[in-house]
Amino acid sequence: MFHSRLHLFSRLVISLTLAAGLALLAGSASAQDKRQNAPGEFDFYVLSLSWSPSFCEEAAERGGRSQIQCSGRPYAFVVHGLWPQYENGFPEYCQRPAPRLNRSIVSSMLDLMPAPGLIFNEWDKHGTCSGLEGRSYFETIRKARAAIKIPTEYLDLPQAKSVAPAEVEEAFLKANPGLSNAAVSVTCNRTRLSEVRICLSKDLQFRACDEIERRTCRRDQVTMPPIRGG
């Protein structure tokens with residue numbers, strides 16, 4: 001009798017464990033967007049603008065440098081990417097292998113994205129999710145960048161500057177009428193300002209989003225290294 005009850009108890013424990021595991025898997029699946037990685041199926045874009053001097057200092061600390069971006073003419077904010085987003089989460093690498101990107105497109109984008117490796121990577125990871133062919137995607141990046149005015153105080157920064165992330169955000173709000181707090185976010189690493197990210201609709205209008213808030217900089221002060229080169 002004892003062994004029979006023990007056997008029944010063991011079966012009950014196993015059944016409950018399996019049920020809990022299936023429920024967890026179901027929850028994980030439901031947390032993912034049902035359109036996961038379907039090209040052209042997304043809700044909005046995030047335009048990511050990288051503070052190039054921060055990138056170059058971090059690259060130097062790691063022992064590597066982007067020859068064009070960090071040794072050529074001085075760069076301030078450059079385009080990191082234009083990323084298709086869901087309201088929760090984002091698609092990536094929507095076509096494997098990615099369609100081949102014409103090198104003439106790469107050359108045409110170096111004024112905004114001064115590193116060929118970055119351009120190829122952004123196409124493979126994000127551009128393939130836009131539903132656009134290569135040239136159209138990078139034309140959209142150019143239009144998105146043209147829609148954003150960089151605050152004048154960040155066009156030329158001859159000396160390192162300590163800033164509050166909220167200060168940088170406010171400067172972008174003042175320079176771009178119609179842009180709201182809910183549509184812009186500043187990111188950082190341990191000490192430096194990294195990027196300003198702006199949410200845009202598919203037709204490149206400012207729009208609020210919660211997604212970028214998850215990685216916003218929580219530090220009181222960060223450094224903007226000076227613009228060098230040229």
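This is a predicted model: local features need pLDDT of at least 70, side-chain atom pairs count only at pLDDT 80 or more; totals for chains, interfaces and linings use all residues.
Visitor: Which residue does Glu61 meet in a salt bridge?

Guide: The partner of Glu61 is Arg192, and the N to O distance between their side chains is 2.4 Å. The two residues come from distant parts of the chain, with Glu61 in helix α2 (residues 52-61) and Arg192 in the loop between β4 (184-188) and β5 (193-200), 131 residues apart.

Visitor: And are those two buried or exposed?

Guide: Glu61 is exposed, because its relative accessible area is 58% and the cut-off for exposed is over 50%. Arg192, on the other hand, has a relative accessible area of 9% and is therefore buried, the limit for that class being under 20%.

Visitor: What else is linked with that pair in a network?

Guide: Glu57 belongs to it as well, so that Glu57, Glu61 and Arg192 are linked in a network of salt bridges.

Visitor: OK, what about Lys125, which residue does it pair with?

Guide: Lys125 meets Glu92 in a salt bridge, with 3.9 Å from N to O. Lys125 lies in helix α5 (residues 116-125), whereas Glu92 is in the loop between β2 (77-85) and α4 (103-108), and the two are 33 residues apart. Both count as partly exposed, Lys125 at a relative accessible area of 24% and Glu92 at 29%.

Visitor: Where do Asp111 and Arg142 sit?

Guide: Asp111 is in the loop between α4 and α5, and Arg142 is in helix α6 (residues 134-146), which puts them 31 residues apart. They form a salt bridge whose closest N and O atoms are 2.9 Å apart. Asp111 is partly exposed at 38% relative accessibility, and Arg142 is partly exposed at 33%.

Visitor: Switching topic, how much space lies in the largest pocket?

Guide: The largest pocket holds about 310 Å³ of space. It is lined by 16 residues, of which Trp83, Gln85, Phe90, Arg197 and Arg215 are the closest to its centre.

Visitor: Which elements supply at least two residues of that lining?

Guide: Those are β2, α5 and β5, each of which supplies at least two residues of the lining of the largest pocket.

Visitor: And what is the lining like by class?

Guide: The lining of the largest pocket has 8 charged residues, together with 4 polar and 4 nonpolar ones.

Note on methods
Residues are numbered from 1 along each chain as its sequence is written. Side-chain values use heavy atoms; hydrogens and water are left out. A salt bridge is a side-chain nitrogen of Lys or Arg within 4 Å of a carboxyl oxygen of Asp or Glu. Helices (H or I, at least four residues) and strands (E, at least two) are DSSP runs, numbered from the N terminus. Buried means under 20% relative accessible area, exposed over 50%, partly exposed in between (1.4 Å probe, protein chains only). On a 1 Å grid over the protein atoms alone, a cavity is a set of points where a 1.4 Å probe fits but cannot get out, and a pocket is an open set with protein on both sides within 12 Å along at least five of seven lines; lining residues have an atom within 4 Å of a point. Grid points are joined across faces, edges and corners, and a volume is the space filled by probe spheres set on the points. Ala, Val, Leu, Ile, Met, Phe, Trp, Tyr, Cys and Pro count as nonpolar, Asp, Glu, Lys and Arg as charged, and the others, Gly among them, as polar.
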